[in-house]
Amino acid sequence: MPYLKKAGQATFNDRHVKKFGELIHDWCCQKEKGFVIIGAPLSKSSISHSGATFAPGVIRQQLQAYSTYAIEEERDVDAYIYDAGDIEMHVTNILESQTRIANVLEEVTKKHPNCIPIVLGGDHSISYPSITGFAKTKKTVGAIQFDAHHDLRNLEDGGPSNGTPFRSLLESGVIKGEHLVQIGLRNFSNSKAYHDYAKEHGVTVYTMKDVRERKIDNIIEESIAYLKEKVDTVYISVDMDVLDQAFAPGCPAIGPGGMTSDDLLQAIRLLASEQMVGGMDIVEIDPTLDFRNMTSRLAAHIIMEFVLHKKG
């Protein structure tokens with residue numbers, strides 16, 4: 001029966017179109033180079049209700065929907081991309097789940113130093129162990145965080161959560177405050193205490209007022225120039241709630257006054273073009289709240305633009 005296909009495979013195929021998903025191959029644990037996608041489906045550490053545990057799978061699905069051709073650059077993406085799968089989370093123990101994430105990132109970057117990890121959360125709590133593991137095999141690491149929030153909450157009131165990753169990174173000494181750049185913080189999403197903490201620890205903060213009044217190009221160029229004097233490698237952390245709610249309806253902490261998708265994608269293009277950028281995570285997407293997978297589609301575009309513009 002020539003027209004009977006396996007379930008899910010009876011789809012239209014255009015012989016002249018190559019899908020981005022065709023660039024992604026199973027991880028075979030050899031000495032690889034290029035990009036490696038790692039799922040970190042942890043969301044039990046979220047302060048608010050979150051189904052971010054489902055995001056890695058949905059983002060992967062969206063990567064299958066787009067072509068490899070970038071018409072603005074008039075070229076196809078040609079890259080080595082591997083999918084290492086998802087890290088198994090502990091059912092109840094958040095600290096154990098974080099340990100597993102850190103161990104996987106350390107192992108991957110140690111055995112495959114030429115690979116660039118792209119970690120798919122999960123909530124923002126995964127950035128603490130991801131950067132911790134990543135930093136074990138690098139020299140001095142800095143971070144550029146796109147976020148509506150500082151994520152510098154104290155750990156006494158609620159333990160490790162999606163509000164504490166950068167507090168944990170600073171207090172554990174994984175990164176220094178002066179090596180952290182936060183972009184996109186906005187009104188009524190933070191407290192004076194945590195803004196003061198950021199300033200006291202030398203964190204560079206660009207609010208949405210800065211983003212509105214200055215071109216994102218200038219902010220990124222300034223951030224990279226600043227970090228080049230201080231660190232060897234830069235890790236990007238993209239909390240999707242940095243975006244205005246119109247562009248990211250699938251975030252647990254949506255709100256008005258955030259970045260546009262154009263600005264965020266431009267920032268990713270500029271950062272990808274920097275050789276010192278060595279890793280990235282994308283967090284805080286709850287597919288159960290999303291509309292037509294808009295937020296996961298945007299996450300897929302972040303990955304595709306990053307891969308397209310990345311310089312080794």
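Let's start at Gly122, which sits in the loop between S6 and H3. Helices and strands here are DSSP runs numbered from the N terminus, with at least four residues (H or I) for a helix and at least two (E) for a strand. The peptide bond leading from Gly121 into Gly122 is cis, with omega near 20 degrees. As a reminder, most peptide bonds are trans, and most residues other than glycine have a negative phi.

Before I go on, a word on what we are looking at. This is a predicted model, where local features need pLDDT of at least 70 and side-chain atom pairs count only at pLDDT 80 or more, while totals for chains, interfaces and linings use all residues. Residues are numbered from 1 along each chain as its sequence is written, and side-chain values use heavy atoms, leaving out hydrogens and water.

Two residues other than glycine have a phi to look at. Glu74 has a positive phi of about 55 degrees, and its place is the loop between strand S3 (69–70) and strand S4 (75–76). Glu74 is exposed, at 63% relative accessible area; exposed means over 50%, buried under 20%, and partly exposed in between, using a 1.4 Å probe and protein chains only. For Arg292, phi is near 50 degrees, again positive. Arg292 belongs to the loop between S11 and H9 and is exposed at 66%.

Leu289 is partly exposed at 41%. Its C-alpha atom is 8.8 Å from that of Ser50, 239 residues away along the chain.

Now the overall picture. The chain has nine helices and eleven strands. Its radius of gyration is 19 Å, close to the 20 Å from the globule rule for 312 residues, so the chain is as compact as a globular protein of that length. That radius is taken over C-alpha atoms, and the rule is 2.2 Å times the number of residues to the power 0.38. Of the 312 residues, 54% are buried. Among contacts between residues at least 6 apart in sequence, 79% join residues at least 24 apart.

Next, helix H2, residues 94–111. Which elements do the buried residues of H2 pack against? They pack against strand S2 (34–40), strand S6 (115–121) and helix H3 (127–135). Among those buried residues are Ile101, Ala102, Leu105 and Val108.

Finally, the aromatics. There are three aromatic pairs, meaning rings of Phe, Tyr and Trp (its six-membered ring) with centres within 6.5 Å; planes under 30 degrees apart are stacked, over 60 edge-to-face, and the rest tilted. One of them is Trp27 with Tyr82, edge-to-face at 5.9 Å centre to centre and 75 degrees between the planes. Trp27 lies in the loop between strand S1 (24–26) and S2 and Tyr82 in strand S5, so this pair ties together parts 55 residues apart in sequence. Both Trp27 and Tyr82 are buried. Another pair, Phe134 and Tyr235, has centres 5.3 Å apart and planes at 65 degrees, so it too is edge-to-face. Phe134 is in helix H3 and Tyr235 in strand S10, so the parts tied together are 101 residues apart in sequence. Phe134 is buried at 0%, and Tyr235 is buried at 0%.

Technical notes
Contact = heavy atoms within 4.5 Å.
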